[in-house]
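Here is a short briefing to read alongside the model. Keep the viewer open and follow each topic in turn.

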Amino acid sequence: MPYLNRPVLPAGTLSRTPQPTIPTGDGLLLRPWRAEDAPAVHAAFQDPVMHQWHIRAADSEEEVRGWIAEWQQAWDRESNVQWAVADAADDRLLGRVALRQVLLGDGVAEVAYWTTAGARGRGVAARATRTLARWALDEIGFQRLELSHAVANEASCRVAQKSGFALEGTKRSALLHPDGWHDMHLHARVRGD
C-alpha cells in the first residue's frame with residue numbers, strides 16, 4: 001500500500017557524506033568521536049551528577065571504547081548520531097550532543113546532551129544544542145526535534161529553554177532511573193522556530 005506523503009528526509013540524507021564537524025562560532029566544536037576520547041568519557045561518567053540523571057554507567061575505559069565504536073558507526077545507520085563537544089582551542093572534551101531516535105521519513109529526532117563536570121555552568125550544553133538544532137533543522141531539513149529531561153533536572157530544563165526548545169508538557173512516569181520512575185518534561189523545536 002503506497003504512502004500518501006513522500007518521506008520528509010530520504011534514507012541516505014545523513015550517511016551519503018561523512019559526519020561533519022560543526023563549529024558553534026563561540027569556541028566549541030561538535031566533532032565525530034575518536035577512540036582517544038575514551039579516558040575522558042569514562043572520567044565524565046564517574047561523576048555523581050551523571051549517575052543522578054543518566055541511566056547508563058561506565059565501568060571501564062574498554063567499555064567506553066565500545067560505546068565510541070558504536071557512536072562512530074551510528075552515522076552510517078542514521079539512527080542515533082553522536083558528536084563530541086570539544087573546546088575549539090585545545091580539543092578538550094566538554095560533553096556530548098546527539099540526535100537519537102532519528103526517523104528520517106518523519107523528519108523527527110530527539111536531542112540529547114551531557115557535559116563534563118568541569119564544563120558545567122559555562123553554557124556549553126545550550127551552545128552545543130542550539131548549534132545542533134540549527135544544523136538539523138535549517139541545513140539538513142528535519143521538521144521537529146524533541147528534547148526530554150527529568151522534571152527535577154532544573155539545569156537541563158534551562159538548557160532546553162536557552163536552546164529554543166518550547167516546553168510542550170509532562171510525560172508522567174516516563175523513564176526509570178535507579179531511584180525510581182521520573183516524570184519527564186517534553187520540549188520541542190520545529191523548523192521555523
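β7 and β8 run antiparallel and are joined by eight bridges, where strands count as paired if DSSP finds at least two bridges between them. This is a predicted model, in which local features need pLDDT of at least 70 and side-chain atom pairs count only at pLDDT 80 or more, while totals for chains, interfaces and linings use all residues. Residues are numbered from 1 along each chain as its sequence is written, and side-chain values use heavy atoms, with hydrogens and water left out.

**The sheet**
- A hairpin of two residues connects β7 to β8, and L176 has W181 in β8 as its bridge partner.
- Eight strands make up an open sheet of mixed pairing, ordered β1-β2-β3-β4-β5-β6-β8-β7.
- At the edges sit β1 (22–23) and β7 (166–177), each pairing on one side only. Strands here are DSSP runs (E, at least two residues) and helices are runs of H or I of at least four, numbered from the N terminus.
- Seven bridges link β4 and β5 in the antiparallel sense; A98 is partnered by A112 in β5.

**The nonpolar cores**
- A nonpolar core is a set of buried Ala, Val, Leu, Ile, Met, Phe, Trp, Tyr and Cys residues joined through side-chain atoms within 4.5 Å; buried means under 20% relative accessible area, with a 1.4 Å probe and protein chains only.
- The largest such core has 33 residues, and L30, W83, V97, L99, W135, F142 and L145 touch the most other members.
- Helix α4 gives the most to this core, with nine residues.
- Leaving aside residues up to four places away in sequence, W135 touches L14, P20, I22, W75, W83, L99 and I140, contact being heavy atoms within 4.5 Å.
- Apart from this core lies another of 14 residues, including W33, V41, L93 and W114.

**The aromatic pairs**
- There are eight aromatic pairs in the structure; rings of Phe, Tyr and Trp (its six-membered ring) pair if their centres lie within 6.5 Å, and planes under 30 degrees apart are stacked, over 60 edge-to-face and the rest tilted.
- W33 and W71 make a tilted pair, 4.7 Å centre to centre with 50 degrees between the planes.
- This pair links W33, in the loop between β2 and α1 (38–44), to W71 in helix α3 (residues 61–77), 38 residues apart.
- W33 is buried at a relative accessible area of 4%, and W71 is buried at 9%.
- W83 and W135 form an edge-to-face pair, 5.3 Å centre to centre with 75 degrees between the planes.
- Here strand β3 supplies W83 and helix α4 supplies W135, 52 residues apart; both are buried.
- W33, F45, W67, W71 and W114 form one aromatic cluster.

Notes. Buried means under 20% relative accessible area, exposed over 50%, partly exposed in between (1.4 Å probe, protein chains only).
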